[in-house]
Amino acid sequence: MTDISLKNLTKSFNNKLVIDSLNLSIKSGEMVALLGPSGCGKTTTLKMLAGLIKPNSGDIFFKDQSILNIPTEKRGAILVFQDYLLFPHLNVASNISFGLKMRGCPLNYRRKRVKELLSLVNLEGYENHYPHELSGGQQQRISLARALAINPEVLLLDEPISNLDANLREEMRELILEIHSREEMTTIFVTHDREEAMLVADKIAVMNQGKIEQFGRPEKLYREPVSKFVAEFFGQANYINGTINGSSFIFEQGEIPVCAVLSKKIGDGRVTGMIRPEFIKFQTDSFSKEDSDYYLPGEIKKINFAGERVYYQVQLKDLFFRVTSLYQNDFQLGDRITLKIKPENIWFLE
């Protein structure tokens, strides 16, 4: 397994800055997602790691060794593209063993490795099929098997499942996790799908305009984003502008206590509080009030039913809150209700 470090990496195309002094450290054996909108530099970063593009400045290290002057085929990293790129004139066995053949591996070893990999990607018996005879999901599995044939230490995946339908995406996610664990590789994959990143990655690097806005475990990025950009990339959020004064968060609609540690960290002054819609509850007669909770009166202005979830919009004076409930309440438009908030579920943006 391989540690990876990107240090002050910069890349421009036609005088347009695409990667801006990017720094990232990935531990050996980690599964890391590069998450961000189109054009933020995710795929460019992946191609620089693979050696397909050279940075203008900065360096890339595998195991504390710079790889900038090491040819692509000798880096120990392999890139799997979104569009499969299988050789149409070669059958499955020949596609998978192509890299091994180029390295001069004997025929018996190539056949054995093909058989192992077809078993790994659950496509035993497909040796003699051609790419046009396979479904999109099967082609993606063969593309993955071809990448694994040379036993890479670093696996790079460029939106590997974005072309597949929902059921196949779930299968491929599980397969990628299984392969990552079994083959003991450091894996980096590009995606613009936050759910995919959270389901698969050990850590997520959120990219924005060629920089990494925040890097960490999915739970931390979801609950403790450093900016509105990161917060909104992980789903809907409610924002409350106010002031920290000692141990209180004071805003136009009320006042909520803040724990001493957090208030000391933030300091007094203007802040923006953030709370996710699913962290806000309705106070009903079946739930007793707790002293540690905070209660806000409001009026339901909008209801959207979406199966197991119901989305509400609640007005509190001139502030509107989104509230997500996992079950159907008997609330109607215009109902006066009370919202229950735990102060520890409010996160303050820098």
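Predicted model: local features only at pLDDT ≥ 70, side-chain atom pairs only at ≥ 80, totals over all residues.

**Exercise 1.** Which residues in H2 meet which residues in H3?

*Solution.* On the H2 side, the residues are Val-92, Ala-93, Ile-96, Ser-97, Leu-100 and Lys-101. In H3 they meet Tyr-109, Arg-110, Arg-113, Val-114, Leu-117 and Leu-118. The residues of this contact divide into 8 nonpolar, 1 polar and 3 charged.

**Exercise 2.** Determine how helix H2 (residues 92-102) is oriented against helix H3 (residues 107-120).

*Solution.* The axes of H2 and H3 are 9 Å apart, and the helices pack at an angle of about 125 degrees. Angles from 65 to 115 degrees count as roughly perpendicular and those over 145 as roughly antiparallel. H2 and H3 are therefore oblique to each other. The crossing in which H2 passes H3 is right-handed.

**Exercise 3.** Describe the salt bridge between Lys-203 and Glu-30, and classify both residues as buried or exposed.

*Solution.* The two side chains meet at 3.2 Å, N to O. Lys-203 belongs to strand S9 (residues 203-208) and Glu-30 to the loop between S2 and strand S3 (31-35), so the bridge ties together parts 173 residues apart in sequence. Buried means under 20% relative accessible area. Lys-203, at 17%, therefore counts as buried, and so does Glu-30, at 11%.

**Exercise 4.** Treat the salt bridge of Lys-211 with Asp-20 likewise.

*Solution.* The closest N and O atoms are 3.4 Å apart. Lys-211 lies in strand S10 (residues 211-216) and Asp-20 in strand S2 (residues 16-26), 191 residues apart. Lys-211 is partly exposed at 40% relative accessibility, and Asp-20 is partly exposed at 21%.

Definitions and conventions:
Residues numbered from 1 in each chain as written. Heavy atoms only, no water. Axes fitted to C-alpha atoms, helices over the stretch in contact; angles between N-to-C directions. Helix = DSSP H or I, 4+ residues; strand = E, 2+ residues; numbered from the N terminus. Parallel < 35°, antiparallel > 145°, perpendicular 65-115°, else oblique. Left-handed = near helix turned anticlockwise from the far one by under 90°. Contact = heavy atoms within 4.5 Å. Nonpolar A, V, L, I, M, F, W, Y, C, P; charged D, E, K, R; others polar. Salt bridge = Lys/Arg side-chain N within 4 Å of Asp/Glu carboxyl O. Buried < 20%, exposed > 50% of the residue type's maximum accessible area, 1.4 Å probe, protein only.
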